[in-house]
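The entries follow in the order in which I made them.

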Amino acid sequence: MTGFPLFPERASTLATEVDALYLYLVVVSVFFSVGIALTLIVFAIRFRRRSETEWPGEIEGSMTLELTWTIIPFLLTVVMFVWGAQVFFHMNRPPDGAMAVNVVGKRWMWKLQHPTGQREINELHVPVGRPVKLTLTSEDVIHSFFVPAFRIKKDAVPGRYSVAWFEATKPGTYHLFCSEYCGTEHSKMVGRIVVLEPAEYQTWLAGGPAPVSPAAAGEKLFTELNCVTCHRADSGGRGPLLHGLFGKTVQLQGGETVVADEAYIRESILNPAAKITAGYQPIMPTYLGQVSEESLLQLIAYIRSLSAPSGEVAPPPGAAGGPTPSKAAGRDRLNP
Amino acid sequence: MTTPEAALPKTHYLNADYGWKSWLFTTDHKRIAILYLVSITFMFFLGGAYAVVIRLNLLEPTGSLVSAETYNKLFTAHGVIMIFFFLIPSIPATLGNFLIPLMIGAKDLAFPRLNLLSWYVYIVGAVFTLYALVAGGLDTGWTFYTPYSTVFANTNVIAAGVGIFIAGFSSILTGLNFIVTIHKMRAPGLTWFRLPLFVWAHYATSIIQVLGTPVIAITLLLVTLERAFHFGFFDPNRGGDPVLFQHLFWFYSHPAVYIMILPSMGVISELVTCFSRKRVFGYNFIAMSSLAIAGLGFLVWAHHMFVAGISVYAAMIFSALSFLVAIPSAIKVFNWTATLFRGSVSWQTPMLYAFGFIGLFTIGGLTGLFLATLGIDVHVTDTYFVIAHFHYIMVGGAIMGYLGGLHFWWPKMTGRLYPEWWARVSAVVVFLGFNLTFLPQFILGYLGMPRRYHAYPPEFQVLNVMSSAGASILGVGYLIPMVYLAWSMRYGKVAPANPWPATGLEWQTTSPPPTENFPRTPVVHEEVYDYSAPPKEAALV
Amino acid sequence: MSEAQAGALAHHFADLEQQREASALGMWVFLVTELLFFGGLFGIYCVYRHSYYEAFSAGSHHLSWRLGFINTLVLIGSSFTMAMAVYSAATGRRARIVLFLVLTILLGSTFLGVKVVEYAEKIGPCLGDGPHTGCLLPGPRFDGEVLHLEGERAREAQIYFSLYFGMTGLHATHMIIGIPILAIIARMAYRGRFRPEWHTPVELVGLYWHFVDIVWIFLFPLLYLIGHH
């Protein structure tokens, strides 16, 4: 029925999973709705009142019936739960090696940056067949990044990072919507995801002025903001060595440990006193108000790129699983 | 039933006293119910008017009938009015207030003056909120998400927050009154398991009202304080957490939906049993399922937040609990359907509404399972799928139950019969109009149309037009009863004390009842819903 | 039914016992709603104290635990006098009901007086022009330095003080509502309206007052004693 679609296009690996699950629920729902409706209609006709003096008498309840129609629906819902949870897990575990794209929502536009530096507004060009991991945040109110064709959605919340990922399977152009009401032009905060064949994607990347990758931009900021004064490339600085830090477990003063992920680094820049690395003094000044969300993402990209003195490279983007809301991640820990 | 011409009783609660003071200072629960009936009917049509403009705007993809700002104020007003000022009070404050003392053989509720106070509190809250909506408007959505509502919105958030805060106390007072009444004022012989299921449903609802409403009260108070005094609980720039607001908000607002549906389910139990002339199949199960829904309903709030930033493990727990809370509702649907088996099924108007309820609530409830399913919710949350789901429950469910109940007890409340054929026609019109309005929205949602959009991609237009067409039919379906019900109060056939006839103490007294309900306190000997023989004719008159 | 009883029984109740039970249950249900109302704030407190322990500690240390302790004793005392008022009503000692209610009012007012002193100390510096040193009202004039905090920590301390004012303010509001009610009940007692068989209003206001006291008993350590040893 080309004229009347019931499903959006399936353009990601997740889409097929979600649609299969959806189909199961549709079948169960149709079965029960039609079943109940037909039963009602049949009973209403068959047992229709034929005279005002009909008094049909008691029917005892039936424990067997009650148990049956409790247990069977329950079992059907168990399947829904387990299958749904499985798909959800898959949605929340970006694969290793995914291409890391930074997304900042702002009233009323999406600002995106590729790992190679290209910036886009309200559009995202991606290659087909490659997992893409989105790190989302907002500069103002809560937005939500929604691509129906990929069946993905995640809120972009100010003050924290959230993660979504997809792997496009079909070249084409797909809707991007903001799906968390954010004020006057919420309906206009829409865009396109443009999925290209790998070769075309390379062409697209190469077009336009030579971009500065987030990591390179971050390096520039690192110097401009004087981070390099304390965080030297050798271990003699007043601040902890950042080379090879990303993804490692850090020992904090007081004995706690924390994984050095995106959220940790962001917090350390904005609120350095929150987590002091063991063996160091709490002397780092705060950069609150001096760095934008985009700058923060670039600094993080730079720090991620710093290899350990021994030549060991920091884990590739996405390996740490992204800024999962770990217990020790500052305000992010405010998840139940 | 061929009866001799019924006559109105000489004195009853409506003619016991005249004049505006006798109404505005009444403590008679029946008059207070009528006061509420008038108020919520007004609010319903006001909220409906907003919906009309919304659906008109959505006829065109450019959505240029109204500006974006105006549209945002329209859907906010529609939600705020319908939820806080229509659905939450609706059945409890009208039918509940009127019937609970009658059903338990009492002269009034436990606290008649608190009852009147609850109506005044409702009116004050409504005035505040309407002022906010009219003088400049509110554009945060009924959900008030932060930091938009606390920092960025420049509309009347504080006035609306205060108005809803005040109206919340009306809900608390009603719930408190019902709980004490049901516990302490049942007639001799009326044990818990002889109570009509309408009473059980209201008992469960009252528990939710009492436990849940204070939390929204404090949450809205904090939003107001944050906006006025920069407190910062929910603002990341001041050390706060926007998601914390969502937890607090949904902690009430999820149980709130059960406040909105449980009373209607209570009505359906009454209708199905009377119009099948059989005791409800599985009485105990239905009674207990109401309590189960009330309890479990407090444990599922974060299913509104699966993509908001909660952990995967928390999401799984809330998903599992959300499936659990669906089971008691399913049990009710099966039991109601089974009640018709080998019954004597009448197709009078209240029963038509009951049929509509069972069918539409089933669809609404099943689509709730889609939302509880994590993998699907990610795709459909914040889309028209959710809008369709809750309208199936609230409109296809709760409002149909309300209309069914209104018709069923109309003779008791007014002493008049409504015109049956007009009533059946409008029930059918409502059913058809409703489905045309909201069924396409499921598809729209899965296709990806987000909610709260005043303009949308052109490929969604056909479904939107269908939906708007349905809305116009639905509107007509709601207007017709207003006309004939009003007409019937003056010109309707006089009703006998028990026109159906139905079991239940309320039918044992005159239509309309006297102010003191019963000339002497009833004593109950029979089990509930005993339709093995015709119910006694107004034995207590 | 005695004439005295007839005066007090409302028309819709079968007897005084039913009326008394209904009133008591009603008050308990109301107190449950109050529990949930305060509960929201306590929940927020728990969340933010966990995240911002140091700022909360600093804020808490800045409060005068002595004043808080005095207030706690005052309020516990007022609960005692309230209980004595109920007992007096149950034993028919008219003068004593009035006496104990008046004492409860005085103690409650003392509590509020101390609160005014505490608030003035924190809000006073915020008013007018000038450096606003020592201003502890959350907002643009908040002075974190007086707590020896700066930057992010100062912002977190604002959350602490938001909770301080919010929770003690809500509590004080409940007392401000309660005191006139106590006065009304005292007046009723003075006029001889209560007797051992019926003194429900005294019992109900007693329940309310005890509840308000208990809320304070939780507030005091949570707000005033963080990190104290």
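Predicted model: local features only at pLDDT ≥ 70, side-chain atom pairs only at ≥ 80, totals over all residues.

Entry 1, domains. I took the centres of domain 1 of chain A and domain 2 of chain A over C-alpha atoms and found 30 Å between them. Domain 1 covers 7–44 + 64–211 and domain 2 covers 214–329; these bounds come from an automatic or database domain assignment.

Residues are numbered from 1 along each chain as its sequence is written, while chains are lettered from A and ligands numbered from 1 in the order in which they are written.

I counted 78 residues from chain A and 80 residues from chain B in the contact (C-beta atoms, placed from the backbone, within 7 Å). On the chain A side, helix 1 (13–46), helix 2 (63–91), strand 6 (143–147), strand 7 (152–156) and strand 9 (172–178) each supply at least two residues. Helices (H or I, at least four residues) and strands (E, at least two) are DSSP runs, numbered from the N terminus. Helix 2 of chain A gives the largest share, 16 residues. By class, I have 43 nonpolar, 19 polar and 16 charged residues on the side of chain A that touches chain B. Here Ala, Val, Leu, Ile, Met, Phe, Trp, Tyr, Cys and Pro are nonpolar, Asp, Glu, Lys and Arg charged, and the others, Gly among them, polar.

Strand 5 of chain A pairs in the parallel sense with strand 1 (residues 99–106) over 7 bridges; DSSP must find at least two bridges for a pair. A:Met99 stands opposite A:Val132. With strand 8 (residues 162–167) of chain A, strand 5 runs antiparallel, joined by 6 bridges, and A:Leu136 has A:Ser162 as its bridge partner.

I placed B:Gly396 in helix 14 (residues 384–414) of chain B. B:Gly396 counts as buried because 25 other C-beta atoms lie within 10 Å. Beyond its neighbours within four places in sequence, its contacts are B:Leu360, B:Phe361, B:Gly364, B:His391 and B:Phe434.

Note on methods
Contact = placed C-beta atoms within 7 Å. Buried ≥ 20, exposed ≤ 12 C-beta atoms within 10 Å, placed from the backbone.
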